[in-house]
Amino acid sequence: MKQQFLTIDGNEAAATIAHLANEVIAIYPITPASPMGEHADEWSSQGRRNLWGTVPKIIEMQSEGGAAGAIHGALQTGALTTTFTASQGLLLMIPNMYKIAGELTPTVFHVATRSLATHALSIFGDHADIMAARSTGFAFLGACSVQEAFDMALIAQAATLESRIPFVHFFDGFRTSHEVAKVEEVNKETVRAMINDELITAHRRRALNPEHPVLRGSSQNPDLYFQAREAINPYYASTSAIVQQCMDRFAALTGRPYHLFDYVGADDAERIIVMMGSGAETAHETVEHLNAQGERVGVIKVRLFRPFDSAALIKALPATVKAIAVLDRTKEPGADGEPLYKDVITGIAQSFANGTAPLSMPRIIGGRYGLSSKEFTPGMVKAIFDELKKPQSKNSFTVGIDDDVSHTSLVWDSTFRTQASLKHNCAIFYGLGSDGTVSANKNTIKIIGEHTELHAQGFFVYDSKKSGAITVSHLRFGPEPIRSTYLIGDDSAHFIGCHQPVFLERYDMLDKAALGATFLLNTTASPDKAWNILPRRMQQQIIDKQVKFFIIDAYRVAEEAGLGRRINTIMQTCHFAISNLLPKEQAIAAIKHAVEVSYGRKGQQLIEINFRAIDSAIANLHQVTVPTTVTSNFERPAPVAVNAPEFVQRVTAAMLADRGDTIPVSAIAADGTWPLGTASFEKRNLALEIPAWDEDLCIHCGKCPFVCPHGVIRSKVFDPALAADAPPTFKHAPVKGKEFPEGWHITYQVAPEDCTGCGLCFDICPVKDKENPGRRALNMVPQSPLRVSERQNWEFFLTLPEFDRREVKTSLMKSAMVLQPLFEFSGACSGCGETPYLKLASQLFGDRMVVANATGCSSIYGGNLPTTPWAKNNEGRGPAWSNSLFEDNAEFGLGMRLSIDKQREFASELLHVLRDEIGSEQVEALLNADQSSEAGIHDQRERVAELRALLKTIDKSEARQLESIADQLVLKSVWIIGGDGWAYDIGFGGLDHVLASGRDVNILVLDTEVYSNTGGQTSKATPRGAVAKFSAGGKPTAKKDLAMIAMSYENVYVAQVAYAAKDVHTLKAFMEAESYPGVSIIIAYAPCIAWGNDLGQNHQMQDLAVRSGHWPLLRYDPRRTAIGENPLQLDSKAPSIDYREFTGNEVRFSMLWRSHPEVAENLLDESRREAWSRYHHYEQLAGLPFDQPPEEKK
Amino acid sequence: MDLRTHYLGIELKNPLVPSASPLSRSLDTAKQLEDAGASAIVMYSLFEEELRRNGGPRYVDIGHTEARSYIPDYQQDQGELERHLEQLQRLKSSLAIPVIASLNGVSLDGWVENGKLLAEAGADALELNAYFIAADLEQSASEVEQRYLALLSELRRVVSIPITMKLSPYFSSLGNMVNALEANGANGVALFNRFYQPDIDIDSLQIASRLQLSHSGDHLLAMRWIAILHGRTRLSLAATSGVHTAEDAVKMVLAGADVVHLCSTLLLHGPRELAQILEGMERWLEASPYESLEQCKGVMSQRQSRDPGAFERTNYVQLLGGYTVSKEGWR
């Protein structure tokens, strides 16, 4: 049978087999495994059937722990069941994994391996997760490539049914899960041939069934448990043989042979690397290169890690081996070696002990590589082989980093290249996440894969920011299978495409260019001007490397062809036209064919537009004549300003300049501690337009700084004398309102290089120019002409003193907004609906906030390096922030509260103990300070400062103790912050417990009604009728009413807010929540990019949600009961517009009308009814007379 | 009672035809319309803008490491045109009444192709709704008219099913335009298209766009023109806009309409409202001296009217002249 080739990534490969061979799939989103669940959900929603002709049932659970429980239940009742996960997700499954394995239940969990959260979270790939699960009793079968993810997924499925041992099929997160490669399809016939239906029948026969009932999951005692554990031994003993048999059967069907341990290298190799995962492919490539150079080296690829078959390992080793390096992609601190190393050393030692070893005892060293997807290159492989040559090889080494602390690292040659890699045609593309560069490149790989004999590989490096994110695509094409599981290195790319001219300022793109490479730049510059827009270094590189320089004005071509700003097809066409990957005519025909396929019946019109763009791209592509000398008079600007702190210069700047890999171990705190305020040094210049303030029109309402998602519009009120030396274009005007000193001025200043240009400040501005109602007190104007002058104004603005917090009237928006935000310039999506809430909290309470932040969007834009938006004020105070996990955030925050309260209590006790030394009056003042206002807090800080000074003079151990905790005498505001995925789903149990605790914590739920960070999966906050991932057919059930649940505790302050629908309400709720001496929860409506709308509509979406009754505004303040009032206040009016008007405006709802109009209509009816009845219910509750309970009858 | 009528060469059991509206997006509501007595249905429009919008490249990647995309990709796999054609086929296979497809757009690009696809998918007729605001002051009336005619004749060239043109009242010489349409191959006209008019929010000083449903009484403009055209063109005449009651519908037939379109009233009161209107028409016909609806069609048209001037300027002069302030004074 002729083999079919596919161009897919590892996730799709594994999910294909999983969907084909299972009946129930329980999922929960986690990077980098989420796409597997998304594929499965997609296929089932499209009615794709499994091997036996039925559509697998998909269920999203509330956590991976929940998924594992559901899987366990499904397996126990006989369904073929699977899941997909990674990292913490796998950890949450561990308790059930022990159960599933203990009961000898066949299943395969497909794992895209990922680092575990330790000193920091990391979404990238290593083997920490599977190592943590290795003792569960599951078998572990690893894949090294996309092809192998396809193949091993099936081998695992076949082997689990036969062995009854559950399997984890794992492959490297991102490197394999997200690499797009040309692979041979594992077709349905092969799957059919590999799966033995009798074994499925046997599985079903063992299922729990009241027709022939048995009991499982008993509780056993010392008399029996041990024997029962040993009863499983024969199953494990036979597993490796079963796996090998499955591999052999698979080889017979596909021609791709595998072994438990596959050896690649010289028959007489003396130095061997043993490893598993994608890095083994790089080792394979390097071994072949070195052996061709006359070396004798080899690599063993570990396929079956558990059960670990030492005999098979020994058999795979050449008898000539003298030295072995075992590489682990994980770290086990405190152990005398990582897991694989210890398994290998144990196996070999055992073979010597029992006399079965066919070789002499080699030297065996262990090393760590590739943690969190750290690059693992041929140069590193060579360094390891070189190390093995040494008589005293370094054990427990690291490779890939500069460990200048423990000196574990090997030095490697970063310029080392293998022959195989030199044969590849390599291309790198720099694009924006939103400009379709990655899609176009995937399409290119598909075209090459389908139209030529060439092999193809694509790997995509994404930004840590969500707004203005850059993607770098690494594409390789070559005649042989591509084993280069590393990025295209310096001097290696034959083609470099720069899809956005602004990248010239940011990246040294031509570092990657090989000699004679081609550089394609999208620019508006004409061919005769283009040379001079390049920085000096780039010009020099073009000359030195004899780079062919091409340009195209892709935006103009797109616009003229009718494609708007979509340039991806145009840039793709240019790539084909000048890269010689395919004959030009054939390439153009192939691109056009791809256009026809993707637009299909959407209409000839669109096909014609694209064809026009393709033809026009060729016509508008120009080669620039390269002069012989550098003529440019500028260099690429430094990544951070020269006045940035030393740490930022040394560490942050390196990360920003894409040189983070060179940062040595010594430069980083060992415990994960980082400084605040670093986002302010990263000038991203994303905005095409920024707001310009019209001081004559402005009424000083404060709405623009309030809604600015990025904290880039600021107001300050100051003595105008201070503006005497202001830059000439700095604007200020006498401040309106009695709450400020007479004669003082106000300014609204934008940070021009931090603005993302979302335009929401303009949108909210209530002032209209009478003569031209389209003009407001803020107007969006092009950024570039103002960049320099506004930068000076911004710098001057920063030098103006902050307005005295004690004088700020926080009940008034204009006044509250002069408070300094301590959350600024986050990398959240432009126009984000979450960040204004965080900024507000930081303004009001930032100098005394401790934040527990659940994993999710807010932890990513809040704490994803290189920078953080959380900042300090001029006194050095600011939010102290941490992220523990996704599921435990409420508990994490409660722990902070308990700790602070305990220390405060102890400090109070110590004050009593030291009363004589400190003075009674001072002790009483400290203990009884009224800290309910900024002035009170200020005074208490002064008292504590005095206390500290005094304590220095007291020579008592209690004084030393008090010194260390005296800070806790000043009020601390504990904030527990997270999204709806956390609060409604995975963390709800903990949240509920904290709600019931009565402790003084403030919970802020940023409700985007969807799992935003992982790409828009359904949560229990997702409204009925909304389309989200895992609810492709529209969510059929209602959104959970978290406010009502919280109110049921009666002693919890509850507010439901939407800042753009009623801003002062939000402000009031934050003030009330924080001042409430118990649990407060604010459920904050936060429009999200995952809803499918442009976030320029953010405010309108909030407004419609409130007016339609989808999001009633309310406050429930238990303090009101004490004064005989109903605690619940309903703060929004009864639905005044139809629910359809709200849903019709949002893509997440309206797309259901397109795909399932009847379902959409029915769900809309139900939602409309719910919105009304919910409002009515709240109205009834809020309207009830609130009587005090009767006195006890005597 | 015999309510039969002929429209675009198709015999219909009565003149009540729901016009293009979201009600045909759902098979359920479409079926309810049929059950309520609709004699045919105009399917919701295929909008030019939607085809363009949906046709853009689908960006699977949004550029962040953790999310390939935010909206399920597979939701967008089907284009608007494909969905539209599928819905047309579904309506055709589950309804017994004729289904008229509606094209809404102004440009020539691609429309002919789309019209052909709709015909192939089984539409019994095509309604072409050229929703065009002639806001270009350089463009003459004849240029605007030429757009309509060019579009129509292109379409006529490739489809054999009947074509009806839904027109706005904004033509210098509507009757002449109708003649020209007939000459270029149209089989009918629907009078009149309601343009949704932008409004001004006087508090926010912003343009407010909102859906404004018609009111009973809004039908008078169409009624006048149907009365003027009846008997003077071979085209089928459909009355649309502002028909809310049986009385409104009867008036349209008396003026000369072959069919009467219903929309706002069905959106307001649901598909069953059609049965009420139908029943009202039957009651009227029963009480009337006519034996069939066909018999009374156009009896109040200008041509047959005893007072042809009532449909023209004379009416206006009389009305204004006769206006007196109410005895109760100013309201």
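Predicted model: local features only at pLDDT ≥ 70, side-chain atom pairs only at ≥ 80, totals over all residues.
In strand E11 of chain A, Lys301(A) is the bridge partner of Met275(A). Strand E10 (residues 271-275) and strand E11 (residues 297-302) of chain A run parallel and are joined by five bridges.

**The sheet in chain A**

The two strands belong to an open sheet of six strands with mixed pairing, whose order in chain A is E9-E11-E10-E13-E14-E15. Strand E9 (261-265) and strand E15 (397-399) of chain A each have a single partner strand, so each stands at an edge with one side left without a neighbour in the sheet. On average, and with direction ignored, neighbouring strands of this sheet are turned by 25° against each other.

| Helix of chain A | Strands touched (chain A) | Angle between directions |
|---|---|---|
| H11 (residues 279-292) | E9, E10, E11, E13 (323-328), E14 (363-369) | about 160° with E11(A) |
| H13 (residues 339-353) | E10, E11, E13, E14 | about 145° with E13(A) |

**Domains and cores**

The domain assignment of chain A lists domain 1 (5-211 + 226-253), domain 2 (260-399), domain 3 (424-620), domain 4 (674-819), domain 5 (891-969) and domain 6 (1009-1183). Between the C-alpha centres of domain 2 of chain A and domain 6 of chain A there is a separation of 56 Å.

The largest nonpolar core holds 339 residues, and Ile155(A), Phe519(A) and Ile1082(A) are those with the most contacts inside it. Helix H6 (residues 146-163) of chain A gives the most to this core, contributing 11 residues. Which residues does Ile1082(A) contact, leaving aside its neighbours within four places in sequence? They are Leu1004(A), Val1005(A), Ala1055(A), Val1057(A), Ala1069(A), Phe1070(A) and Ala1073(A). Apart from this core lies another, of 81 residues, which includes Ala30(B), Leu88(B), Phe192(B) and Met223(B).

**A loop and a helix in chain A**

Ser464(A) sits in the loop between strand E17 (455-461) and strand E18 (470-478) of chain A. Because 17 other C-beta atoms lie within 10 Å, Ser464(A) counts as partly exposed. Once its neighbours within four places in sequence are left aside, Ser464(A) is in contact with Gly827(A), Asn864(A) and Leu865(A). Ser464(A) and Tyr1011(A) are 547 residues apart in sequence, and their C-alpha atoms are 18 Å apart in space.

In helix H19 (residues 554-561) of chain A, the residues Ala554(A), Tyr555(A), Val557(A), Ala558(A) and Ala561(A) are buried. Seen down the axis of H19(A), these buried residues fall within an arc of 165°, so they line one face of the helix. Just after H19(A) comes Gly562(A), which takes a positive phi of about 95°.

**Chain B**

Chain B has 12 helices and 13 strands, and of its 331 residues 46% are buried. Among contacts in chain B between residues at least 6 apart in sequence, 70% join residues at least 24 apart.

Helix H7 (residues 220-229) of chain B is mostly covered, with seven of its 10 residues buried. The buried residues of H7(B) are Ala222(B), Met223(B), Trp225(B), Ile226(B), Ala227(B), Ile228(B) and Leu229(B). They pack against helix H6 (174-183), strand E9 (188-191), strand E12 (236-239) and helix H8 (246-255) of chain B. H7(B) is followed by Gly231(B), where phi is positive, near 80°.

Key
Residues numbered from 1 in each chain as written. Chains lettered and ligands numbered in written order. Domains from an automatic or database assignment. Core = buried A, V, L, I, M, F, W, Y, C linked by C-beta atoms within 7 Å. Buried ≥ 20, exposed ≤ 12 C-beta atoms within 10 Å, placed from the backbone. Helix = DSSP H or I, 4+ residues; strand = E, 2+ residues; numbered from the N terminus. Contact = placed C-beta atoms within 7 Å. Arc of directions from axis to C-beta. Pairing = 2+ DSSP bridges. Axes fitted to C-alpha atoms, helices over the stretch in contact; angles between N-to-C directions.
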